[in-house]
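Subject: Handing over the structure

Dear colleague,

Please find the structure below, together with its sequence.

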Amino acid sequence: MELPDTGADVTVAGEDFMEQVGGSTRDLRPPTLHPHAADGSIIQSAGVLSVDLSLGEVALSEDVHILPGVRGLLLSWIVSRRLRLVPEDYPHQISYLHSPA
């Protein structure tokens, strides 16, 4: 299952995703950075897998952190925007709110 995670700066996935795309632990590169949880704690990455993602006419390559305890693929806000899952000007698409007269 692929889900946009508009609060995430990096794209992460579980080992199930790695197996779905034909990857294995031999394909993982050591991470140059480790993702942080919302509380600021470091999440240990098993490694980074480069994958090609596509949706409709959009195709891109992305480095995906493989994390223990994660299932599926969680797309960062940047990848979600590039795949057109959220508006192009996300997160700034709402400039003000007003009530109808």
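Predicted model: local features only at pLDDT ≥ 70, side-chain atom pairs only at ≥ 80, totals over all residues.

Residues are numbered from 1 along each chain as its sequence is written, and side-chain values use heavy atoms, with hydrogens and water left out.

The chain as a whole

The protein chain contains 2 helices and 5 strands, where helices (H or I, at least four residues) and strands (E, at least two) are DSSP runs numbered from the N terminus. Followed along the sequence, these elements give the pattern β-β-α-β-β-β-α. The C-alpha trace spans about 60 × 35 × 20 Å along its principal axes. Of the 101 residues, 34% count as buried; buried means under 20% relative accessible area, exposed means over 50%, and partly exposed lies in between, with a 1.4 Å probe and protein chains only. The chain exposes about 6900 Å², of which carbon and sulfur atoms supply 52%, the areas coming from the Shrake-Rupley method with a 1.4 Å probe, and for residues only the protein chains shown count as cover. If we take contacts (heavy atoms within 4.5 Å) between residues at least 6 apart in sequence, 51% of them join residues at least 24 apart.

The sheet

The strands form an open sheet of 5 strands in the order β1-β5-β2-β4-β3, with mixed pairing. Its edge strands are β1 (2-4) and β3, each of which pairs on one side only. Two strands are said to pair if DSSP finds at least two bridges between them. As a general point, strands of a sheet pair through backbone hydrogen bonds, either parallel or antiparallel.

Both senses can be followed from β4. The hairpin of β3 and β4 has 2 residues between the strands, and in it G56 takes a positive phi near 60 degrees. Strand β2 (residues 12-13), by contrast, pairs with β4 (residues 58-66) in the parallel sense over 2 bridges, and there the bridge partner of A13 is I66.

The nonpolar core

Which residues have the most contacts inside the largest nonpolar core? They are L53, I66 and L73, in a core of 15 residues; such a core is a set of buried Ala, Val, Leu, Ile, Met, Phe, Trp, Tyr and Cys residues joined through side-chain atoms within 4.5 Å. The elements that give two or more residues to this core are α1 (15-20), β3, β4 and β5 (73-75), and β4 gives the most, with 4 residues. Leaving aside its neighbours within four places in sequence, L73 is in contact with several residues, including M1, L3, V12, F17, L53 and V64.

H34 is found in the loop between α1 and β3, where H34 is partly exposed, with a relative accessible area of 27%. Beyond its neighbours within four places in sequence, H34 is in contact with I42, I43, Q44 and S45. The C-alpha atoms of H34 and D16 are separated by 20 Å, although these residues are 18 apart along the chain.

P68 belongs to the loop between β4 and β5 and is exposed, with a relative accessible area of 60%. P68 and Q44 are 24 residues apart in sequence and 8.0 Å apart in space, C-alpha to C-alpha.

R84 lies in the segment after α2 (77-82) and is exposed as well, with a relative accessible area of 62%. The phi of R84 is near 65 degrees, which is a positive value in a residue other than glycine.

With kind regards
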